[in-house]
Amino acid sequence: MKLSTLARPIAAALALLVAPAFTPAAAAPHTHAAQAEPDVIKTTDGRELSGTIVRELNGYVWLDMGVGSPLMFRPDEIAEIVRDSGVQAGADPVIVSDEERDWVDDPSITRAAILTAEGPVGVQMSAKPLREAIPLLKEEGVELVVLKVKSGGGLGIEVQRLSDVIHNELKKEFQIVAWIEDAISAAAMTALTLETIYFMPKGTFGAATGWSGQLKAVEGRSLEQFLYQMEKISARGNYDEAIMRAMQINVPLSYDYDETTGEYDYYESTEGEFVLNDGEYILTFNAETAEAAGFSKGTAATLDELTRILQKSVGEIEWVGVEIAGEPYPIAKAELHQREWREEVTFQERRFQEIYIKYEMEIGNATSVAIESRGGFIRAAQRYLQRIKRMVEINPNFGLLQGITDEWFLQQEERLRRLRR
C-alpha cells in the first residue's frame with residue numbers, strides 16, 4: 001500500500017510494533033536509595049514486591065525496589081503492606097489539605113499543566129507513568145491537562161491501556177486536551193481518545209497501520225481486531241469512525257461542512273465536497289487539513305498561542321510548574337515524573353544488555369568447573385537474574401521487547417537448579 005505525501009516516512013517508527021534488538025551501550029552512573037529491612041507490598045493481583053517505601057500520599061505508595069525509579073501503587077492496587085509498623089494503605093482518594101498547599105485555590109483561575117507523551121508507545125510513552133501522574137496533578141491543584149504528544153508509534157498492545165487510563169481515570173479528574181507535535185501509528189490511536197485536539201504548525205496525525213514481523217502490514221483477523229478496537233476508541237473521543245479507518249486501511253474519506261450548523265459529515269467515499277483521501281493512500285492529517293476538517297480545534301506554535309486559544313473556553317489560565325531556562329513551558333511535578341520515567345526506561349534498555357551478558361558469563365563460568373566449585377558463580381548468576389526480573393517488573397513491555405516472559409524466567413531457574421546438581 002502507498003503512503004500519502006502528507007505522511008512522513010514511518011517505516012522505522014512503526015517497526016517498534018515488533019521486538020527490536022538493543023545495542024549494548026555504556027551505562028551512566030545510577031544510584032538508588034539504600035535498602036535495609038525490606039518492605040513488602042502485596043497487590044490485589046497476587047504479586048508480592050519487596051523494596052523500600054520512600055513516599056506515601058493519601059493511600060498512594062511509592063516503592064523503591066533497588067532498580068529503576070520507585071513504583072507507585074494506587075490504593076485500590078494494594079491488598080496489604082508488610083512492614084515494622086504494620087500499617088496498611090487505605091483506599092482514600094488524594095486530598096491535599098489547605099496546610100499542604102503552596103498555591104491558592106482561586107475558582108476564577110484555571111490551573112493547568114503540560115504533560116508530555118513522547119517516545120515509543122509502550123516503552124517511553126506508557127500508561128503507567130500517566131496513571132502515576134494523577135496524584136501529582138491533584139497535589140498541585142491542576143484542573144486542565146494538556147497532553148503534548150510527540151511519538152512515531154510503537155506497541156499496539158499499549159494503545160488500549162493508554163486509552164483506558166486517559167478515558168477512565170484522567171478524564172474523570174481533569175479537563176484534558178491533546179496538543180499534537182507528532183502522533184503517528186499507535187500514538188494517533190491513543191490520542192484519538194481525547195475529544196479536543198490541537199496541533200502544532202508542523203504537527204502530523206495518522207498513518208495508523210499495524211505492522212508485524214519484517215514490517216508486514218497486519219491483515220485478516222488481526223486487522224479486524226485493530227479496526228474494531230479503534231471504532232470503540234473513536235467513540236470515546238466522539239470522532240466518526242471513518243476517520244481512523246482511513247488512517248488504517250486504503251479507503252477513501254471525504255466530508256461536507258454546514259456553515260449554518262457548524263457540523264461535519266464524513267463519508268467513506270469521495271462523494272463529499274472536500275476529499276481528504278482518495279483511497280490510494282493511508283491518511284495522515286497535517287495541521288491545515290485537520291483544522292479544515294474539524295478534527296483539530298486550532299493550531300498553536302507556542303504556549304502563549306495555546307493559552308490564548310484555551311482561555312476562550314476556560315477563562316484565565318495559570319500554568320503550574322517550575323520555570324526552567326530553555327524550557328518552553330513550566331515543569332509541573334507530574335511532568336517531571338514523565339521525564340524521569342523516560343530517562344529511566346532509556347537507562348534500563350542500555351543497562352539490560354550488560355546485565356544479560358554478565359549473567360550468561362557467570363553461567364558459563366559455573367559450567368566450566370566442578371560442581372563443588374560452582375557456588376560463587378551460581379550466586380552471582382542468581383543476582384543478575386534478579387536484576388533482570390526487577391527491570392521487567394518495572395516495565396513489562398520491556399520484557400516483551402526482549403522476549404523475556406514468565407516462561408523464560410522458569411527456564412533460567414531450571415538452568416541454575418541443574419548446575420547445582
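This section describes a β-sheet, a nonpolar core and a pair of helices in a predicted model.

The sheet is open and consists of six strands, arranged in the order β17-β10-β9-β8-β7-β18 with mixed pairing. Its edges are formed by β17 (284-286) and β18 (317-319), each of which pairs on one side only. On average, and with direction ignored, neighbouring strands of this sheet are turned by 30 degrees against each other.

The largest nonpolar core comprises 66 residues, of which L137, L170, I180, F199, F205, F285 and F295 touch the most other members. Helix α2 (residues 127-139) supplies the largest share of this core, namely six residues. In soluble globular proteins, nonpolar side chains tend to be buried together. The surroundings of F295 were examined with neighbours within four places in sequence left aside; this residue is in contact with L192, I197, F199, F205, Y239, I243, Y266, F285 and A290.

Helices α9 (residues 333-367) and α12 (residues 406-420) have axes that come within 10 Å and cross at roughly 25 degrees. Because angles under 35 degrees count as roughly parallel, α9 is therefore classed as roughly parallel to α12. The crossing of α9 past α12 is left-handed. On the α9 side, the contact is made by Y356, Y359, E360, I363, A366 and T367; on the α12 side, W408, Q412, R415, L416 and L419 take part.

Key:
Residues numbered from 1 in each chain as written. Predicted model: local features only at pLDDT ≥ 70, side-chain atom pairs only at ≥ 80, totals over all residues. Heavy atoms only, no water. Pairing = 2+ DSSP bridges. Helix = DSSP H or I, 4+ residues; strand = E, 2+ residues; numbered from the N terminus. Axes fitted to C-alpha atoms, helices over the stretch in contact; angles between N-to-C directions. Core = buried A, V, L, I, M, F, W, Y, C linked by side-chain atoms within 4.5 Å. Buried < 20%, exposed > 50% of the residue type's maximum accessible area, 1.4 Å probe, protein only. Contact = heavy atoms within 4.5 Å. Parallel < 35°, antiparallel > 145°, perpendicular 65-115°, else oblique. Left-handed = near helix turned anticlockwise from the far one by under 90°.
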